[in-house]
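User: I am new to this structure and would enjoy a close look at a single part. Please walk me through the contact between chains, step by step.

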Amino acid sequence: MLRATPLGPESPYLGDESKMTGSASLLLSPECEADVIEAVRRARESGEPLTVSGMRTGMCGGCVPMGGAVLTMERMGGIRGIGRDGRGFFVRVGPAATIREINEALRSGAPLASATPGAAEEMPRGAYFYPVDPTELNGSIGGNIATNASGPRTLKYGPTRDWVRRVRLVMSDGSVLDVKRGDRRARGRVVSVPMGGGPVEVRLPSYEFNTRVKNTAGLMSADGMDLVDLFVGSEGTLGIITEADLYLAERHPLISNIFFFPSDADAYAFVRDLRGSSADPEFLEFLDSGSLDLIRGVRERDRGFTSMPDLPESARSAVFMDLEMDGRLAGKYREIGVLAERRSGSLDDSWCGHELRDRERFFGLRHSVPRTVFEYVAGLKRTVPGIHKMATDMSVPLDRLDEMVAANEAAMDAHGLERVTFGHIGNGHLHLEIILKDMRDMEEAKIAYRELAAKAIELGGSPSAEHGIGKMKREFLLMLYGEAGVEEMREVKRALDPAGVLSPGNMAGP
Amino acid sequence: MRIIVFVKQVPDTDKVSVDGEGRLVRSGAPAVMDAYSECALDMACGLAGDGDEVIAASMGPPGARAALLRCLELGAGEAFLICDPAFAGSDAHATATVLSAFAMEIAPGADLILCGKQASDGDTAEVPPELAEKLGAPQFCYVEDIRIEGGSMLLVQNYGDELRACRHPLGALAVASVSKGGANRRLPSVSAYLRAAAMEIKTVDAAALRLPEGAAGARGSKTRIASTMASGAGRRGEAVDGSDPALAASAILRGMAP
């Protein structure tokens, strides 16, 4: 049954991890697809829009409402079955299922239903997993699809888009669209979308959507594009996901590693050297000296902050990587050792772990930096209500990363801002977490952010690599595509949601 | 100094779930070295100086090699898998029989044997004391620190309500169960991992231990588990003042009365 409750001004449903807050009068909580259809019907009748909300772990205010009602999908989770097609096994899930839940269900012996005949019985238990790893494993899969989430493992596995087999959506007119990859492709830049009143011909934007780097800036658009790809990354503006099929990857034993270096420059150089090697890591992640100091500082106050040993005193930067434990591992390590020594590191200045519980500790250490900044901003918001988290999310081609790093440093110094840098260095995608102290910092950070977004675009990158656009990064769409491109996005929105009832304010939409 | 560390591989309790009928779901839960075993290993590696030996051994199935590999990664110099179909179904007594045979036949002359105080899958905490008994060595349970001072070892036991420091002469075997380790588990370097991966984990069977038939396994066990069930009852605890043993015994008897 569709549950409706009034929303107070302090409700957590008015915000997300960006710490941006919005306004809405009602919280609608469906437990099945029929409830979602009912919510859309009410929205159309009342003219009050719906903002789709998952687990509120987004970073750009995508689920932050701008009036109307919040449609929380939290009660529509669940692992609905295992299926198999020509590409391989897939898992069928409700939109509120989390990656953590999915992978624990795949690993454990708990019984699973079959979405195609016999698939659950045929799939060797523990041998498959969902590989997209957007760090925040408690985010909903609906939110992951809506933002085309990615993360460290994008280096090897690509973003969410590459793993979505099928989506089922409630459209703005209350009709249900069930489309799997291969069902419907665009003719050139025109794609036919079945709606309640018959097919709607949608003209896709004419811009070139940059797929050479990690990119979530704007609607996907390409000649002959699959219809599924229009909904992946559309931020709840074109339809409400009620079910999805996700392809699975074969699991193989991994060993997690951290290599420590005496300076940021040494770590950058090590990663540059590593690119041409045979190491073939699953991901390459970076923590700069500021990040390591942040961890050390918090641990001085709270020994339980991470479950890792104390960081080596000499470590001023760190590079994380997972390697496959196969017959080539010793050879890979030899090569990595040579490259590390060239940059004042070594195989001695490292940690590794292959037990699952140790690998989870490595993950926790990587995640501890954004978590600390998030908690800091949440605390600061009590005394500076207008403040929200400011973390850059820009990707550039790998051969331009040094220029981006230099620009980051110059901008932060010029605006007098404290920062730490960490993230997906293997994808040319570093996060600059700006440590705000007051509203002056906030205003300076906004200016610096714009400058850096322009720099990323100039270098052939994206101003929004993995967090999406939401409500906080809309101006970057203009920088990237110009007014004409943004208007083309609005045309897609108008074609599929003429009354503007779905997630207003996200991306290009009004 | 020769130190033997007996370690046990157990299901990772963080990954064991309970099904709707209250039964443990172990499938999918990875096997890991028990946390107290790791404390014992850390203590052994911390005590060992130049020229000292740390020998890790585990009685278990072939998969227990993974726990032994971790011992080698974290500083053990040798590792032995004590593995034989005849050992299947061993209770604490039979396990102590096997481990004592290892200490006498494979690694004789040890100065110190360290075990975890208990394993998370069985929770009996009986093996270390029984092992000490079989070897005729003094037992030190719930040890959280060992220091070498002059010609002796100082072992600090934590009984919850009191710490007890015991001195034991170096050169005479002691058996200790370890109850506490560092705040966070250690991690090996890649160099240590590569060294360990190149080392041999030797397998020891019943014949190598010169164990007579029926000494271990279900036949060599003194206990049988008739059934297991979830306990619905809560526990209530009461501290008993032990300064007067007679009064303490009376208090315990009163507490046990139905």
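**Where chain B meets chain A**

Analyst: Let's start with one pair: Arg357(A) and Glu38(B) join their side chains in a salt bridge, with 3.7 Å from N to O. The term stands for a side-chain nitrogen of Lys or Arg within 4 Å of a carboxyl oxygen of Asp or Glu. By that rule, four salt bridges cross the interface of chain B and chain A.

A word on the model: it is predicted, with local features needing pLDDT of at least 70 and side-chain atom pairs pLDDT 80 or more, while totals for chains, interfaces and linings use all residues. Residues count from 1 along each chain as written, chains are lettered from A and ligands numbered from 1 in written order, and side-chain values use heavy atoms, without hydrogens or water.

Now to polar contacts, where 10 residue pairs link chain B and chain A, both partners at pLDDT 80 or more. Such a contact is a pair of N or O atoms within 3.5 Å; within protein, one must be able to donate a hydrogen and the other to accept it, and residues adjacent in sequence count only if both atoms are side-chain atoms.

On chain B, strand E5 (31-33), helix H2 (65-73) and helix H5 (190-197) each bring at least two residues to the side touching chain A. H5(B) gives the most, with four residues. These elements are DSSP runs numbered from the N terminus (helices H or I, at least four residues; strands E, at least two).

Altogether, 29 residues of chain A and 23 of chain B take part in the contact, meaning heavy atoms within 4.5 Å.
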